[in-house]
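Here is a short note to read beside the structure. Please keep the model open while going through the points.

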Amino acid sequence: MTKHVLLNNVNHKDTKVITHYAARYGDDQASVLAFPSEFIELQKHYPIFFRRDGEFDDYQCVVLLGLEKNENLFLDASYPSGWKADYVPAVLNKGPFLIGFQQSSHSEEKNAVIHIDMDHPKVSNSEGQSLFLTHGGNSPYLNHISSCLSVIDSGLEIQSDMFKQFLALDLIEPVNIEFELSNGEKRRLSGNYTIHEERLAALTGSELQALSKSGYLQLAFAVVASMTNVRKLINLKNLHLSQ
């Protein structure tokens with residue numbers, strides 16, 4: 001169940017949010033949505049893939065966190081935050097918050113506002129980070145959440161155009177990854193798409209210039225670079241199997 005309400009410093013002056021990551025908070029997800037605006041950070045730690053539900057559906061960006069259902073190999077209680085990487089994907093980092101839009105009373109323009117899911121397992125009245133200061137101002141944590149939501153919002157704004165340009169240059173290809181775990185079990189990751197590295201390298205000067213001008217060239221390279229993190233996931237899985 002969800003209970004989304006507009007956040008304000010009156011009704012939520014005592015509301016706190018748990019910032020620790022653990023399976024009991026719903027963080028045990030093998031993959032989560034990702035956004036182009038965070039590719040540069042994501043590619044340092046996770047494999048970035050594209051997915052679509054059907055042949056004619058739009059592509060979405062995801063990062064892989066585990067190798068089977070409900071497995072997040074980056075959850076680790078021995079770390080202070082419960083997460084063993086320097087960057088947490090924005091869709092998990094934002095916790096119970098989401099962006100909403102409110103009609104301005106003085107114009108037709110809609111203003112972005114923050115909503116909170118009061119039924120989220122990380123929402124608490126007794127533990128976690130405060131959302132507001134004693135006299136009503138935003139806490140440093142809430143300012144962090146605002147930045148996190150901005151990453152998501154800006155990523156959504158450019159995602160459709162990014163895929164349009166990638167498709168126009170025939171840069172997207174399906175990828176199937178086969179590997180064997182330390183216990184001898186063979187696995188196969190399918191249903192994912194990535195950037196075709198050879199086609200990217202073969203782009204003409206004008207094509208590269210256009211992709212660079214739009215800001216998508218570095219994002220394409222980030223996706224390619226992130227593929228090395230598949231091996232990191234396999235190593236983390238083997239470590240779990242050995243414990």
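**Notes on the strands, salt bridges and overall build**

1. Strand β2 (residues 16-17) pairs with β8 in the antiparallel sense, over 2 bridges. Pairing here requires at least two DSSP bridges between the strands. K16 stands opposite S124 in β8. Strands are DSSP runs of E with at least two residues; helices are runs of H or I with at least four; both are numbered from the N terminus.

2. On the basis of the model: it is predicted, so local features need pLDDT of at least 70 and side-chain atom pairs count only at pLDDT 80 or more, while totals for chains, interfaces and linings use all residues. Residues are numbered from 1 along each chain as its sequence is written, and side-chain values use heavy atoms, with hydrogens and water left out.

3. The pairing in point 1 belongs to an open sheet of 3 strands. The order is β8-β2-β9, and the pairing is antiparallel. The edge strands are β8 (123-124) and β9 (129-130). Each of these pairs on one side only.

4. Now strand β5 (residues 60-64). Buried or exposed? Of its 5 residues, 4 are buried, so β5 is largely enclosed by the rest of the structure. Buried means under 20% relative accessible area, exposed means over 50%, and partly exposed lies in between (1.4 Å probe, protein chains only).

5. Which strands pair with β5? Strand β3 (residues 31-33) does, antiparallel, over 3 bridges. L33 stands opposite V62 in β5. Strand β4 (residues 48-51) is also antiparallel to β5, and 4 bridges join them. There, I48 stands opposite V63.

6. The salt bridge count comes to 10. The rule asks for a side-chain nitrogen of Lys or Arg within 4 Å of a carboxyl oxygen of Asp or Glu. One of these pairs is E68 with K237, at 2.8 Å, N to O. The pair links distant parts of the chain. E68 is in the loop between β5 and α2 (90-93), and K237 is in helix α7 (residues 229-242), 169 residues apart.

7. K237 also meets E71 in a salt bridge, at 2.5 Å, N to O. This pair again links distant parts: K237 in helix α7 and E71 in the loop between β5 and α2, 166 residues apart. Both K237 and E71 are buried. K237 has a relative accessible area of 7%. E68, at 34% relative accessibility, counts as partly exposed. A network of salt bridges links E68, E71, E185, R187 and K237.

8. Please also look at R199 and D170. Their side chains meet in a salt bridge at 3.7 Å, N to O. R199 lies in helix α4 (residues 197-201) and D170 in the loop between α3 (140-168) and β10 (172-180), so the pair ties together parts that are 29 residues apart in sequence. R199 is partly exposed at 33% relative accessibility. D170 is partly exposed too, with a relative accessible area of 43%.

9. Finally, the whole chain. The protein has 7 helices and 11 strands. Its C-alpha trace spans about 55 × 55 × 30 Å along the principal axes. Of its 243 residues, 44% count as buried. Among contacts (heavy atoms within 4.5 Å) between residues at least 6 apart in sequence, 69% join residues at least 24 apart.
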